[in-house]
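Open the model in your viewer and keep the selection panel at hand. The tour goes stop by stop.

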Amino acid sequence: MTTTTLDEQEETRLYDEFRRELEEVEEGKQRHKMLKHMIKQLKFAKWRKERFHWFDQYFQNVRPITLWIMLVTGALMPVVLFSIFIWVSLWVE
């Protein structure tokens, strides 16, 4: 199942859930409050979908050597930072 299909299913599920909730609520402040909450959730879902689409596109086009460089950099970064910390603390004393 692709990511776009999952996104579309999630969006459809949200719309169905919102429709059911709106049918249960009467007119007035409570309905207005619920509509604002639903709009906020939909905007967040859209924002999240756009962000992850960029992220997915980037990692689909990345070459294996780039992944290895990322992994090695991530693995060595704590060692480098700790070494710098020790060096600075010895230099300060």
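Select W91. This is a predicted model, and in it W91 has a relative accessible area of 64%. The cut-off for exposed is over 50%, so W91 counts as exposed.

An α-helix has 3.6 residues a turn, so residues three or four places apart point the same way.

Now show the rings. How are W87 and W91 arranged as an aromatic pair? They are stacked, with 6.4 Å centre to centre and 5° between the planes. The whole structure holds two aromatic pairs; W87 and W91 form one of them.

Next, select helix 2, residues 29-60. Check its length with a distance between the end C-alpha atoms. At 1.5 Å a residue, its 32 residues should span 46 Å, and the end C-alpha atoms are 46 Å apart, so the two agree.

Stay on helix 2 and pick M34, M38 and A45. Buried or exposed? These three are buried.

Together with M34, M38 and A45, they make up the largest nonpolar core, six residues in all. Helix 1 and helix 2 are the elements that give two or more residues to this core.

Move to R19 in helix 1. Its relative accessibility is 47%. Draw a C-alpha to C-alpha distance from R19 to M38: it reads 9.9 Å, for residues 19 apart in sequence.

Last stop: the largest pocket. How much space lies in it? About 260 Å³. The lining has 14 residues, and D7, E11, A45, K46 and K49 are the closest to the centre. Helix 1 (3-24) and helix 2 each supply at least two residues of the lining. Colour the lining by class: six residues are nonpolar, one is polar and seven are charged.

Terms used
Residues numbered from 1 in each chain as written. Predicted model: local features only at pLDDT ≥ 70, side-chain atom pairs only at ≥ 80, totals over all residues. Heavy atoms only, no water. 1 Å grid on protein atoms, 1.4 Å probe; cavity = no way out; pocket = protein on both sides within 12 Å on 5 of 7 lines; lining within 4 Å. Points joined across faces, edges and corners; volume = space filled by probe spheres on them. Helix = DSSP H or I, 4+ residues; strand = E, 2+ residues; numbered from the N terminus. Nonpolar A, V, L, I, M, F, W, Y, C, P; charged D, E, K, R; others polar. Phe/Tyr/Trp six-rings, centres within 6.5 Å; stacked < 30°, edge-to-face > 60°. Buried < 20%, exposed > 50% of the residue type's maximum accessible area, 1.4 Å probe, protein only. Core = buried A, V, L, I, M, F, W, Y, C linked by side-chain atoms within 4.5 Å. Expected span 1.5 Å × (residues − 1).
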